[in-house]
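Open the structure in your viewer and keep the selection tool at hand. The stops below move from one region to the next.

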Amino acid sequence: MTALIETRHLTKVFGRGIFKRSNPLVALNNLSLTIEESPPTITAIVGESGSGKTTFARLILGLADPTSGEVCYRGVNLRQLDQDQRRQFLRDVQVIFQDPYEVYNPFYRIDHVLEEPISNFRLAESKAQGRELIADALTAVGLRPEETLGRYPHQLSGGQRQRVMVARALLLRPRVIIADEPVSMIDASLRATVIESLRDLNRQFGISLIYITHDLTTAYQLSENIVVLYRGAVAEVGDVERVVKEPEHPYTRLLIGSIPRPDPKHPWGIKENVLDTTDKDGARQQGCYFADRCPEVMQICREKIPPLYQTAPHRATACHLYNESPVVESETLNKIFIARA
Ligand code: SF4
């Protein structure tokens, strides 16, 4: 069966300034991932700033062109979609951005962002039917239509504004939603409500999610499978339960070690310098990208890029520490993912 969305060896390289005197920046390196029509899945793409996760989202949405590789929608390269296919793509693939406030026009009531998709995609035959669809979508994400409609964006909390965005996406009954840091600008106390709304989209409405985040805690709460990126390359991938509880890649271990916990011996930020993935001039061009920061670096790490080793049925790690495991041969990371029971 043709996949709904497929990224094939997706790579994005940025030049460095108009004179290109320094090394190009590889923002994303050879990422192949598939989202099937069914079953609906939740995949977290996790990494710190500069890891390539937002570049990945922009490429999937067709907001940027890959340097090599391609993104296909129902088997057709995004750049080759005809008008009808493009329209269907815009309906099937929705996005929820990090900052819900930016999406709103402060001069319009909340109703406006919900009425727009209804009129653009002619979802209703009458105004009354449109209002009914909006009310249903708001109720589905846990908002009371009578307390939400008619208000201006600043009259809602950050969590409510983001849930209106989830309702907006739901109106179109998409097949997949790319949620790019959807809770990072929301108070911690309200995050759970948005996470719950996203989970409901998957469970009740059969919508797949690609959850892009720097936050391993919410990735663990929400997703089934996880892809950990470091400097645009896959560091570790697999069943979220095992990756988070028994991380293999030294970078994943440091990420997990940096999660704040009520222990004065493990203060937040202790390993910030190790987690810093922002690229620097003279960044490593050969060997493991993590070698300069890895506590377990070996000679081979500086000479050879580690392939992805399949260390267990549902996990794989790009690290020479696991070179006795078989190299992942599959074209797509999905061969490693668990399928939900
Ligand atoms: Fe560390 Fe080497 Fe593994 Fe890279 S390949 S993460 S440098 S041990």
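**Two crossing helices**

Select helix α4 (residues 111-120) together with helix α5 (residues 127-140), which pack at an angle of about 115 degrees with their axes 10 Å apart; helices here are DSSP runs of H or I with at least four residues, and strands are runs of E with at least two, numbered from the N terminus. The axes are lines fitted to C-alpha atoms over the stretch in contact, and angles run from 0 to 180 degrees between N-to-C directions. Show the side chains of Asp111, Leu114, Glu115 and Ile118 on α4, and of Gly130, Arg131, Leu133, Ile134 and Leu138 on α5, since these make the contact (heavy atoms within 4.5 Å).

This is a predicted model, in which local features need pLDDT of at least 70 and side-chain atom pairs count only at pLDDT 80 or more, while totals for chains, interfaces and linings use all residues. Residues are numbered from 1 along each chain as its sequence is written, and side-chain values use heavy atoms, with hydrogens and water left out.

**Two loops**

Then select arginine 74, in the loop between β4 (68-73) and β5 (76-77); its phi is positive, near 45 degrees, in a residue other than glycine. Most residues other than glycine have a negative phi, and most peptide bonds are trans.
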